[in-house]
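Dear colleague,

I am passing on the structure we spoke about, and below it I have set down what was found in it. Please read the notes with the model open beside you.

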Amino acid sequence: MSASTYQRQIRSCPAIAAPIPVTAADHANADRLAAWLAAAAKTHRLRWLLAHLDDGVVWGRWEADQGLLTSRRAAAGDLQAAPWCPELRPATLQQARLFAAHAELMLWRDDSGGWCARLIRDLAPGEAVPEGTASWDHAFDEPQLLWGTGARPLADGFSLLTHGQQGLRHALPYPLKQGKCKAQTLTIRHYLTRDGLAQVDASRLVNLPAAEAKA
């Protein structure tokens, strides 16, 4: 759900996109998928994980001393949280996004069922754009509201959020106090076409503002 009110401020935000090598062997099983994501998070200095699967959503957080922590691990043994935190498995994975303020890596399946990955990152000052590389000059950020009106702490600094009477739940990768909580948001950056009518050409995840505020 998009936040109901926000100021759309188009600003200079040079960025480029590049494919990331990925093979079927990288995702042959759950362990290899987790290892690939952990290695990508470390290599590209990415902090957060959001993965959509056929059976739910997985949140995660990269820690230099612990590796990639996931909501599945945080919810282990918790009868309320565990059913809402599926295992990160290649067979059910639709897409996964590792992200931080400077970049996002997205992993997904193509129409043939093969794996694809790409990295959108900020362009460094003075850096030239390689020929044939997708790039953008301007963008605007948009806050997206996340489900959750009540919170409960989980292991590994995660929090189980429950939404109203529907009882919908998911486990965010940062700590919140027990009880009613204010709306949590996820920042999305929309990049605009370079020529002609300004339109959104690509989007990426940027940060979890509440988590950044606690850092």
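Is E104 buried or exposed? E104 is buried, because its relative accessible area is 0%, where buried means under 20% relative accessible area, exposed over 50% and partly exposed in between, with a 1.4 Å probe and protein chains only.

Before going further, please keep in mind that this is a predicted model, in which local features need pLDDT of at least 70 and side-chain atom pairs count only at pLDDT 80 or more, while totals for chains, interfaces and linings use all residues. Residues are numbered from 1 along each chain as its sequence is written, and side-chain values use heavy atoms, with hydrogens and water left out.

E104 belongs to strand β6, residues 103–109; strands (E, at least two residues) and helices (H or I, at least four) are DSSP runs numbered from the N terminus. Setting aside neighbours within four places in sequence, E104 is in contact (heavy atoms within 4.5 Å) with residues including L46, R97, R118, S203 and L205. The side chain of E104 also reaches the backbone nitrogen of L205 at 2.8 Å. Between E104 and R47 there are 9.6 Å in space, C-alpha to C-alpha, although the two are 57 residues apart in sequence.

Elsewhere, an open sheet of four strands runs in the order β11-β10-β9-β12 with antiparallel pairing, two strands being paired if DSSP finds at least two bridges between them. Its edge strands are β11 (168–172) and β12 (179–180), each of which pairs on one side only. Five bridges join the antiparallel strands β10 and β11, and T162 stands opposite R169 in β11.

R45, in the loop between α1 (30–44) and β2 (48–53), has a positive phi of about 60°, and R45 counts as exposed because its relative accessibility is 60%. D156, in the loop between β9 (150–153) and β10 (159–163), likewise has a positive phi of about 60°, but D156 counts as partly exposed because its relative accessibility is 23%.

Finally, W84 lies in the loop between α2 (71–74) and β5 (93–100) and is partly exposed, with a relative accessible area of 32%.

With kind regards

Notes: Polar contact = N/O pair within 3.5 Å; in protein donor to acceptor, adjacent residues only side chain to side chain.
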